[in-house]
Structure formats: structure tokens, C-alpha cells
Amino acid sequence: GGSIGVANVVTDHSAVADGTLGGSNTNNTAAFQAAVNTGKHVFIPAGDYELVGKIVVSTSGQKIFGEGDGRTRLMPHSGSHGGSPHTSIGVADEGVFTVTVGVREPGPEFHDFQILFHQPTAPVDRAALYTQPDAFNIVKVPRCEFHNLRIIQGMNGIIFKPDAAGVSETLGNSGGSFLNNIKMSCFKENISFDGFQDSMRLNNIHIWPFEFAGNAELIAIFTDLHSDSYALNVGYVDDLKVEGLLTYGPRTHLHRGVGSNHYGVSASFTNCSFDTFGGFSMEKGIAQFSACSFTCGNTAAHYMIEMTAATLEQLTVLCSGCWFNEALPNSKPDSAMVWVQNGQFIVTGSRFTTIAGTPNKFIFSKQSGTPKAQSITAIGNSFSTASSLGIVIVVDTVDPSVIICNLFEGVCNP
């Protein structure tokens, strides 16, 4: 670990808290870097600090902390000091905080501050957003911790990579990290990781249009369901535990992994809310949901759950005690709440509801391409709709399914 003691960026290294968003006041990059380079823990007093360059963290176990995510605010410039906000800090794929390759475990810890990025006041679309670095860029550094942070208006939030290019999980491991009580409103990837051989824990992560009040243009972009917009974007990881996740806008996606060994994900979600737009999608592995809610309040929304396994790959989703509620039908093919295209979907003790005028199917299962193992198991659930066009479950597969002991209310066609 680092040396004993704490370095204060203001009293020890002359940082000045005179920042304004998009302004050109004191450049505190050198002061912050000098404090980090001491190897001591780093304290950032309350105030607004402009940064122009990246901060490189290379000390194992170092803590960098402020006085609260509403009191200590870092304001990165996205270009030269006082210059255009259209070019990124440092080189591509690096972050405001860049945790370097080779830091021994445990990795550094970041606590109690906010990173507030600059964006145009009224962007017409995503192309009009300012290019930004990641808030945090971590390459092959295991067991980092993030607590009580806000990351606002960035493009990417907390990005873990197995190697510098992010293309092979065989080259390194950034697993064993803990993310707790984090509020984010990033336009591309809020949290992303792949290639981890250790458990990842995420508690009370809120992906929401924070700080966008009154800005209809930013809210519209945040909720536009762009294909590159993710609350969580997760590849291969041995064990992912998520509790208290709230997403509004970007989807949560669990993919096969980008390296040569496509192991997929083993994940559990507890007391999570996938609200209005984003939904959940998965390509390989196993995911278990307990006491979670899925809602659709926009016709352009993703499926609440979308399962799309490739040939001969295992994909299982289990839901217990969950609620699926649709206020408006999505515009996806077959307008299903849950779309299973190859894989196994198991749901027990859960409730599916729609309102009048939403002719959606609750669960739609369809094999695609080469025959694959696929089945639906629905036991002890409640299905309720006021729509005369409501069809509960459609199964198009040669594999056996089990649908028993369910309650059908309203105008349902089981």
C-alpha cells in the first residue's frame, strides 16, 4: 500500500476550488497529480475543481476521497485549458482517473465526490454531445472500490478493461471490485467490465438523468434507447452480485465476452428496478432475479427481458417474486414483455400485468436457426390484463415446457 498519512490537495498542493462548468479558471491537474504521487491517501475538500488532464493512480490501496458527492465536485475540461470542449483529455480510452496496469491488489479506492462533465445546453442529438474521456478507466487492476460517487453528463462512467485494448479476457483481471451507492447519468456505458475471474459486487447503483432537470434535450438523448447506451455492459465474469440497481433509460446487457473464451456471465439481481425504457438483455450464462420489477412506459422501449443465445450455448434466466408491468406496449416484434430466442426461461411466484389497450404477449418463445435447447417453465404466477387481445404465453419450440398452477385474471387467453 501507500505511505501512511493524508495529502490535502488544497493545503499541501495548492489546488484552488474556483471551478465553473465549462469555465477556464485554475487548472488543478498538476496539484491533484502531485497529491496522488505522494502515495498517501488524498483528501479533496469541498468545492469545485477544474481539471484539464487525466490523473494517473499507481499506488495499491490508495484512497482518494472528498466531502460528499454534492460538496466536492471535479469538473473536467474536454480540451486544452480554456479551449474547445470537443476533444478528449489525454489519449483515447483513458479516464479522468486512469488506474495504471501493474498496480498490485488491492486497487485504489474512490469515495465521496462528484465528476461533473460539460455538455452543450441544448444538443439536437447524440452527435452534438461533447466527446469525453471515461470518468474512471481501470486496466488489469483487481479489487478496486468505489463508494458514494456521482458521475454526471459523461459519455462513459466506470470502465474496467482486461487489457489496454479491451479485447481479451486472457491478458488480465480487474475483478473483485466493489461499487456502492453510485449515481450516474452517462450517455454511453455507465458501468462496463469483461474478463474477470473474481466476484463483482454492485450495491445501490442508480442510473438516472441526474442533474438534467429542465433540459428536455439531454433527457431525450439519455432515454433514446441507442444501441451503444448501457446501464451495465457486462461480459465474462465468474460471479456478479447486484442489489438495489435502478435503471431509467439505458439497458442492462450481459454478453458473451469479447475474448477468445466466451464463458458468459453468472449473475444474481436482488431488489432491482428496470424502469420504463431500458430493460435487460442477455446472450450467454445464467442470471437469477429475485424481488425485481420490470416496467414499460414507452412504446419504443426494449423488451423487459430479451434472451438471444448463439448456437449450442447455455442461457438460463430465472425469476422469482418479480413484477412485470406494462403501461404501454413496446414496438418490438410480437410485442412481448419477455422474448426468448433460444434459451431457458424459468419464472415462479411472479406477477404480469397490463392495462387496457395493450395487446402484448407476456412471454414469447421462439427458436431461431439451428435447433437449440429451449424451454419455458412458468409455475405459480399471476397473469392479468384488461385487453381483449391479451395472449399470455406463446411457445414455438420442439423442447418441452412446463406451465402449471398459474392464475389468469381479466381477459386472458392462455
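Student: Is Arg150 buried or exposed, and what is its relative accessible area?

Tutor: Buried means under 20% relative accessible area, exposed over 50%, and partly exposed in between, with a 1.4 Å probe and protein chains only; Arg150 is buried, with a relative accessible area of 18%. This is a predicted model, in which local features need pLDDT of at least 70 and side-chain atom pairs count only at pLDDT 80 or more, while totals for chains, interfaces and linings use all residues. Residues are numbered from 1 along each chain as its sequence is written, and side-chain values use heavy atoms, leaving out hydrogens and water.

Student: Which side chain does Arg150 meet in a salt bridge?

Tutor: A salt bridge is a side-chain nitrogen of Lys or Arg within 4 Å of a carboxyl oxygen of Asp or Glu; here Arg150 meets Asp69, at 3.6 Å from N to O.

Student: How many salt bridges does a search of the whole structure find?

Tutor: The search finds nine, including one between Arg126 and Asp224, at 2.8 Å from N to O.

Student: Which residues have the most contacts inside the largest nonpolar core?

Tutor: A nonpolar core is a set of buried Ala, Val, Leu, Ile, Met, Phe, Trp, Tyr and Cys residues joined through side-chain atoms within 4.5 Å; the largest has 92 residues, and those with the most contacts inside it are Phe97, Phe136, Phe146, Phe269, Phe289 and Phe345.
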